[in-house]
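Student: I am new to this structure. Please take me closely through one part of it, then show me what else is there.

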Amino acid sequence: MRQYLIAAIFFALLAGQAAARPYQEIFPDRKDFSDSEKALLQKLDFQQGAVKLSEARAMLNVPSDFYYLSPADTKTVLVDIWGNPPDSAEGTMGMIFPAKYAPTDGEAWGSIVEYNADGYVSDADAASTDYDELLQNIKDSIKENNVEREKNGFKKITLVGWASPPHYDQSAHALHWARDLIFGDDSKAEHTLNYSVRVLGREGVMQFDFVAGLDQLKEIESAIPTVTKLVQFDQGMTYGDYAKGDKIAAYGMAGMIAAGAGAKIAAKIGLLASAVAFFKKAAILVLVVAGGVARFAKGLFRRNKTPGA
């Protein structure tokens, strides 16, 4: 009897977890995929429902209008489909996509999922931070970094401004913001969107960084309420479960936003010296993919118009 009970519990748990599905089930009405696209999509396992992220002690509850790809499948997308270098896909926890797009679609956008276990991030400065001043500090830091970037043969980066100003959702303990960027010297070049979402937990932060074009801002903004609710931390690991003596992160809300500008910004906005390691780890102004439109996320990603090109 005990064996049957254990088996029943095991299968019940399996039933509550996301099952891998082929692309034909996710896109049943799509008849326009080329043979080369089909070959790439066949390599991917599309997941919906509960996705366990053990390292983050959390779960993603992926609804039917999104799908999740594993870290291995994420590497296939970033490297084989979107044409980025292999190291750009290291350390991710996967990607989420809106179900209306296949990764091979030219207009597809998705979000890279990562987790940072630096500790409990205080939200005390969420309401008091002057985000316009922070923006100017980041702009200045990027200009300084451009000197070194151009010496190394990389295109300079111009931060035009907030594409969407920082907003903290107190109920979801989620911070999100977006930057408008231009790569290179042409002021009329295509603008790149850097949209970031951070969901706070007791021991760290779940990170979502969107790979998209600026013209997709409204579409992504409409998805943000869904994204901030995807994360379900394990029992005892939510932001509200913080207890005295827990590890505290060396940065707050302003630090998470400024991270994209690199370690130099730390001194300018008065962050603790111990936060510099975070900035070095999270700095996303290091890598530019040559020969294409850059996309800003964990690294600088590009989307090729032709899959696998």
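Student: Start with R57. What is its relative accessibility, and as what does R57 count?

Tutor: R57 has a relative accessibility of 38%, so it counts as partly exposed. Buried means under 20% relative accessible area, exposed over 50%, and partly exposed in between (1.4 Å probe, protein chains only). This is a predicted model: local features need pLDDT of at least 70, side-chain atom pairs pLDDT 80 or more, while totals for chains, interfaces and linings use all residues. Residues are numbered from 1 along each chain as its sequence is written, and side-chain values use heavy atoms, without hydrogens or water.

Where is R57? It sits in the loop between β2 and β3 (58–62). Helices (H or I, at least four residues) and strands (E, at least two) are DSSP runs, numbered from the N terminus. R57 is not a glycine, yet its phi is positive, at about 50°.

H173 also has a positive phi without being a glycine; its value is near 50°. H173 belongs to the loop between β7 (157–169) and β8. At 21% relative accessibility, H173 counts as partly exposed.

Go back to β2, which covers residues 46–53 and holds Q48. Q48 counts as buried, at 17% relative accessibility. Its side chain has two partners to look at. One is the side chain of R21, in a polar contact of 2.5 Å. The other is the backbone oxygen of F66, reached at 2.8 Å. A polar contact is a pair of N or O atoms within 3.5 Å, one able to donate a hydrogen and the other to accept it; neighbours in sequence count only through side-chain atoms on both sides.

Now the aromatic rings. Ring pairs join Y23, F27, F33, F46, Y67, W82 and F97 into a cluster. A search of the whole structure finds eleven aromatic pairs. F27 and F33 make an edge-to-face pair, 6.0 Å from centre to centre with 75° between the planes. Rings of Phe, Tyr and Trp (its six-membered ring) pair if their centres lie within 6.5 Å; planes under 30 degrees apart are stacked, over 60 edge-to-face, the rest tilted. F27 is buried at 5% relative accessibility. F33 is buried too, at 7%.

W82 and F97 have ring centres 6.1 Å apart and planes at 75°, so this pair is edge-to-face. W82 is buried, with a relative accessible area of 0%. F97 is likewise buried, at 0%.

Turn to α5. D130 caps its N-terminal end, where a side-chain oxygen of D130 lies 3.2 Å from the backbone nitrogen of D132. The buried residues of α5 include Y131, L134, N137 and R149. In the loop between β6 (110–116) and α5 you find D118. D118 counts as buried, at 16% relative accessibility. Its side chain joins that of Y251 in a polar contact of 3.0 Å.

Next, G184, in the loop between β8 (174–183) and β9 (191–200). G184 is buried, with a relative accessible area of 11%. Leaving out residues up to four places away in sequence, G184 touches K155 and K156 (contact means heavy atoms within 4.5 Å). T158 is 26 residues from G184 along the chain, and their C-alpha atoms are separated by 7.9 Å.

Then α6, residues 217–227. Buried here are L217, I220, A223, I224 and V227. They lie on the same side of α6 because they cover an arc of only 135° around the axis, taken from the directions from the helix axis to the C-beta atoms. An α-helix has 3.6 residues a turn, so residues three or four places apart point the same way. The face of α6 turned away from its buried side carries K218 and S222, both exposed.

Last, the whole chain. It has nine helices and 13 strands. Of its 309 residues, 53% are buried. Among contacts with a separation of 6 or more, 62% come from residues 24 or more positions apart.
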